[in-house]
Amino acid sequence: MSKARELHQGAVVIDGHCDTILSVMTRDSWFGLSARDFFQRNEQGHIDLPRLKEGGVTCQVMALYIEPQYKPAASARRCLEMLDAFYNLLDQSEEFVMATKTQHILDAKADGKVAGLLSIEGGEAIEGSLSVLRNFYRLGVRAMGLTWNQRNDLADGVGEKSAKSGLTDLGVSVVKEMEKLGMLVDVSHLSESSFWGVNEVAERPYIASHSNARALASHRRNLTDKQIEALASKGGVIGVVFCPPFVDDDRQNVTLSRICDHIDHIRKVAGIDHVGLGSDFDGFGVSPGSPQVMKDVSEMPKLTEELFRRGYTEEEIKKVLGGNWLRVYREVLG
Ligand SMILES: [Zn+2]
């Protein structure tokens, strides 16, 4: 086995974002397939348990993404249905376990299992209620993105180009309550003004679970160097995202090497301690034959090989693969 492969196998690997729960629940909206069997190796889509193991992933963060048709009135119900789907997966295999604190991830590594960590994508899910937020925490949710692309009652999403609003008063209360509970505030889909709202209120590290560097790809979901610096100064982590438009403005340049350019850039701007992985697997489709970062999660070791080739030290690679997420989890989740 190559040195890079060996390093990958020994490392705690954490992917900070995927949409796989939707793929196991419903007809796949990207690939047009029927609901995926999570425990079989599939050729389509990005993630299932066999491919997570092939890719050497220790912990996969799983988004509870509230689709627009459920917003706002059925958001909490939809989030509970997605939680049910996640718990159903746990019931079907001993090999897949829930992580609600750091030790669970380390245990999964030691036992050769894969851990799932739950994150809500779209604060509509709490339907404006801190009690509902606390109950999602009790059910195991450990992170929440305050918005998806639209505005909601907490903040503006990145799709709100003109409003330039920050957090609402309720949004401020939610950030404070999340920090009190030990939940990660995720800024990945926030508008720039709401990002700065979180930065002002946050007393603990916050995260961008799946965003790249705007300096390398101009997509609105990517972070400016100023944002990267601010997030890092609070101790947070940015998970680099494999969704093609976030990787490069020119689709022909969407490659594994280009993703490593984003890692290089974030390291240059903020330091090696603030970059991790946030693939967004199963949250985007790629037409057959188009350039992509990797085919699916089973190819994750290729990323380690590329970082190795670029001269990253073993310690640095381990930080990118999962060490930085672990540090923030230890600090915020316990
Ligand atoms: Zn997303």
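This is a predicted model: local features need pLDDT of at least 70, side-chain atom pairs count only at pLDDT 80 or more; totals for chains, interfaces and linings use all residues.
The expected span of a helix is 1.5 Å times one less than its number of residues.

Helix α4 covers residues 75–92, which is 18 residues. At 1.5 Å a residue, α4 should therefore span 26 Å. Its end C-alpha atoms lie 26 Å apart, so the model agrees with the expectation.

Which residues of α4 are buried? They are S75, A76, R78, C79, M82, A85 and F86. These buried residues pack against two helices, α2 (20–25) and α6 (130–138). They also pack against two strands, β2 (59–65) and β4 (114–121).

Now step back to the whole protein. It has 13 helices and eight strands. The radius of gyration is 18 Å, close to the 20 Å that the globule rule gives for 334 residues, so the protein is as compact as a globular protein of that length. Along its principal axes, the C-alpha trace spans about 55 × 45 × 40 Å. Buried residues make up 52% of the 334. Among contacts with a separation of 6 or more, 71% join residues 24 or more positions apart.

Next comes the interior. In soluble globular proteins, nonpolar side chains tend to be buried together. Here the largest nonpolar core has 101 residues. Those with the most contacts inside this core are I21, L64, V185, V198 and I238. Helix α13 (residues 314–332) gives the core its largest share, eight residues.

Leaving aside residues up to four places away in sequence, I238 touches A208, S211, L223, I228, L231, I266, H274 and V275.

Note on methods. Residues are numbered from 1 along each chain as its sequence is written. Helices (H or I, at least four residues) and strands (E, at least two) are DSSP runs, numbered from the N terminus. A residue is buried if 20 or more other C-beta atoms lie within 10 Å of its own, exposed if 12 or fewer, and partly exposed in between; C-beta atoms are placed from the backbone. Two residues are in contact if their C-beta atoms, placed from the backbone, lie within 7 Å. A nonpolar core is a set of buried Ala, Val, Leu, Ile, Met, Phe, Trp, Tyr and Cys residues joined through C-beta atoms within 7 Å. The radius of gyration is taken over C-alpha atoms; the globule rule is 2.2 Å times the number of residues to the power 0.38.
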